[in-house]
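Good morning, and thank you for joining this meeting. Please have the display in view.

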Amino acid sequence: SGIDEILIVTGGDHAGGFLKLLGDGKKLGVRRLYYAYQEGEGGIADALLRAEGFAPDEPVCVILGDNIFEHDLRAQVQRFNEVGIGARVLLKEVSDPRRFGVPELEGDRVIRIFEKPADPPCNYAVVGVYLCDHRVFDIVKHLEPSQRGELEIADVINQYIAWGELSYDFVDGWWFDAGTPDAMVHAAQVIAARRCGSS
């Protein structure tokens, strides 16, 4: 994606595993790789707040750790940088949008996002990538915890919608939300088959 400074926010017993696997990131072509620790389960927006000192006056690209993409996100990041303000979500057409966050689109605008709707307004899912300008940290600081006791990324995105500053882009190739054991196995099978086919 052209991003070469990365902060990994992790918690629980996983932190040491990431450090052992990724090290300082140089083998991956990363210029700087940092780590931050999140206590408990405060939500995605709470994890994002750990990045304020990392990128205080710069835009950020948040990617959830259980999302896997076939292609890089360079084009999507570049298009967001060209706008330079607001936030952008990435969409992917899916067969069962009821399992995901789903946007309601009006022309080239997202006017609302529904979380796992029974009657989705379209067949697009909001994938786990959020591109936000530097104001995102102030938004998070003013959030109230949800009924789950977490700071919700959806509330962050809703603020940008209220400002009329949320845009969207599309994901090329396949995408997996590998947040369950079954999804992780399926993703591994697809990736293994692709590697075998290209060897």
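E41 sits in the loop between β2 (32-37) and α2 (44-49); helices (H or I, at least four residues) and strands (E, at least two) are DSSP runs, numbered from the N terminus. With a relative accessibility of 69%, E41 counts as exposed, where exposed means over 50% relative accessible area, buried under 20%, and partly exposed in between (1.4 Å probe, protein chains only).

Residues are numbered from 1 along each chain as its sequence is written, and side-chain values use heavy atoms, with hydrogens and water left out.

The predictor's confidence in each residue, pLDDT, runs from 0 to 100. Its mean over the chain is 90, and 99% of the residues reach 70 or more. Confidence is highest in β5, at a mean of 97, and lowest in α6, at 84. Where pLDDT is low, predicted coordinates should not be read in detail.

E41 leads us to E150, for E150 touches E41, G42, G43, E144 and P145, leaving out residues up to four places away in sequence; contact here means heavy atoms within 4.5 Å. E150 belongs to the loop between α4 (136-141) and α5 (153-162). Is E150 buried or exposed? At 14% relative accessibility, E150 counts as buried. Its side chain forms a polar contact of 3.3 Å with that of R148. A polar contact is a pair of N or O atoms within 3.5 Å; within protein, one must be able to donate a hydrogen and the other to accept it, and residues adjacent in sequence count only if both atoms are side-chain atoms.

I turn next to F80 and R88. F80 is in helix α3 (residues 74-83) and is buried, with a relative accessible area of 3%. Beyond four places in sequence, the residues that F80 touches include P59, L131 and R88. R88, in strand β5, is buried as well, at 9% relative accessibility. Which side chain makes a polar contact with that of R88? It is the side chain of D169, at 3.3 Å.

Strand β5 also holds E93, which is exposed, with a relative accessible area of 53%.

E93 brings us to the second largest pocket, whose lining consists of K92, E93, V94, R99, F100, W175, F176, D177, A183 and H186. The elements giving two or more residues to this lining are β5 (87-93), β10 (175-177) and α6 (181-198), and β10 provides the largest share, 3 residues. On a 1 Å grid over the protein atoms alone, a pocket is an open set of points where a 1.4 Å probe fits, with protein on both sides within 12 Å along at least five of seven lines; lining residues have an atom within 4 Å of a point. The pocket volume is about 150 Å³, volume being the space filled by probe spheres set on the points, which are joined across faces, edges and corners.

Note on methods
This is a predicted model: local features need pLDDT of at least 70, side-chain atom pairs count only at pLDDT 80 or more; totals for chains, interfaces and linings use all residues.
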